[in-house]
Amino acid sequence: MPAALLSTTHIRPLDLKRAPHLTTSTAGLQDIAEKHITKGLGRLRDHVFKEGKGLRVLTTEGRQLLDFSSGIGVTSLGHAHPDVTAAIIAQAQSIIHVQCAIALSEPYVQLVESLLAMMPDPSLDSFFFWNSGSEAIEAAIKVARTSTKRNNIIVMQGGYHGRTSGAAALTRSKTSFFSGTGPLMPCVYTTAFPYWHALGFPKDTPEDVLVDHAIMQIENLLQQQTAPEDTAAIFLEPVIGEGGYIPAPTRYVQHLRELCTKHGILLVADEIQTGFYRTGKPFAIEHSGVVPDVIVYAKGFANGMPISGIVTRKEIMDSMAPGSLGGTYSGNVVACAAALATTRYMRTHDIAANVNARSEQIFQGLKAIQEDTANGGWIIEEVRGKGLMVAMEFKDPKSKLTSKHHLGDNVKLPAYLSKLVQDACLDRGLLTLTTSIYPVLRMIPALILSEEEVDEMLRIMAESVKEVASKVEAQAGEQAGA
């Protein structure tokens with residue numbers, strides 16, 4: 001494009017006495033944030049991230065952290081991956097915004113072409129891109145209701161689908177995501193998920209018993225609350241995310257597929273957190289052998305750029321009238337370029353092998369920490385997850401199922417041991433996350449992590465668990481001697 005077309009010399013600069021100043025000091029940035037950024041945002045700490053490379057982030061105070069959060073599962077190829085960064089720069093230098101209702105863009109169409117090769121089944125062949133996971137859930141709701149001409153939606157107890165109005169109405173992980181914002185979108189029904197703690201069963205309950213109970217609950221739901229002919233969709237996270245990183249048992253997912261097929265209900269797989277090799281396969285539902293009717297995805301497939309989407313069969317997507325889907329920034333061309341670079345890397349490198357190897361290493365290491373009761377492992381109730389979705393549930397003084405310990409009935413454990421361990425990890429330079437109404441610590445690192453980085457995490461985790469448990473034991477000793 002001729003340089004003359006890019007000239008802005010006709011725009012007169014303002015006669016400013018001094019150039020606009022922006023704060024750079026850590027204290028100054030924190031002060032502005034405290035005064036002017038909504039308290040509706042929760043934040044782990046008020047540290048300010050300045051740089052990131054791979055699994056390392058650097059704060060404005062010069063502190064380096066090992067990031068096992070990846071921005072809640074977003075930077076799947078690590079911070080500032082060179083392939084993705086190069087794609088972003090090149091696209092921004094070409095054209096930065098192509099509104100999807102005005103024109104096509106090469107990255108948008110090429111991204112569809114790339115994703116077609118990654119789908120778990122050829123029937124999933126019609127796409128729509130939006131910006132965030134919540135927006136993609138909103139689109140899935142519209143598509144499900146329009147294509148089936150039904151209103152009702154079934155969701156899982158403990159499931160999380162977002163914080164926008166419709167998505168929040170589907171969320172069942174915590175009330176904090178929608179408290180005080182009602183009335184929520186109607187026609188949403190909740191069914192049990194086969195997770196021992198939420199069902200009130202002991203931890204050692206056989207999986208078949210949990211699945212049988214959950215199946216009974218959804219069968220009853222379809223007879224007592226939402227008739228099959230009124231039900232548009234069942235939304236399922238193949239691994240419950242915010243609810244505690246609980247993989248859906250294969251038999252349960254297969255039963256949901258049978259129910260949906262029998263009654264003409266759409267099975268919607270929310271793969272926003274689980275998709276794009278997070279669990280060792282392109283999509284987590286593939287572990288069950290089930291093909292869903294709709295997949296919702298976001299987070300890790302653009303390595304940090306805001307883009308999400310849904311995919312379904314063409315006959316389902318074609319039920320949507322022109323203009324019923326869209327948005328100013330949906331399928332932004334720079335975000336599409338980033339997603340294209342990310343998926344290209346995933347398709348040309350053995351990401352799955354690394355995910356599976358590091359997952360095995362992590363789970364072996366964490367279970368060893370749990371079994372080392374002399375060094376604090378007794379505070380860990382369960383180690384669980386799938387692939388690089390890793391969780392530790394700690395003992396909980398509020399739960400009849402997980403409050404028992406060796407210190408005696410007169411010693412009450414502190415609430416949310418998960419948070420205490422998280423803080424101890426962060427003090428040692430390890431970023432982790434907490435989740436769930438139960439005391440659960442989770443880790444969701446970049447898919448490119450190395451064996452050495454896992455070893456570093458395990459060392460810090462062992463030290464942190466030991467420190468927290470030692471403090472609990474010391475407090476118990478003081479109580480006994482008082």
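**Notebook: a sheet and a helix pair**

I began with strand β5 (residues 152-156), which pairs in the parallel sense with strand β7 (residues 231-236) over three bridges; two strands pair if DSSP finds at least two bridges between them. Strands here are DSSP runs of E with at least two residues, helices are runs of H or I with at least four residues, and both are numbered from the N terminus. I noted that this is a predicted model, where local features need pLDDT of at least 70, side-chain atom pairs count only at pLDDT 80 or more, and totals for chains, interfaces and linings use all residues. Residues are numbered from 1 along each chain as its sequence is written, and side-chain values use heavy atoms, with hydrogens and water left out.

Which residue of β7 is the bridge partner of isoleucine 154? I found isoleucine 234.

Next I traced the whole sheet: it is open, with seven strands in the order β4-β12-β11-β10-β7-β5-β6 and mixed pairing. β4 (126-130) and β6 (188-191) stand at the edges with a single partner strand each, so one side of each lacks a neighbour in the sheet.

Then I turned to the helices. The axes of α3 (residues 82-92) and α11 (residues 333-348) come within 8 Å and cross at roughly 150 degrees; axes are lines fitted to C-alpha atoms, for helices over the stretch in contact, and angles run from 0 to 180 degrees between N-to-C directions. α3 and α11 are therefore roughly antiparallel, the word for angles over 145 degrees. Among the residues making the contact (heavy atoms within 4.5 Å), I listed Ala87 and Ile88 of α3 and Ala338 and Tyr345 of α11.

Methods
Parallel < 35°, antiparallel > 145°, perpendicular 65-115°, else oblique.
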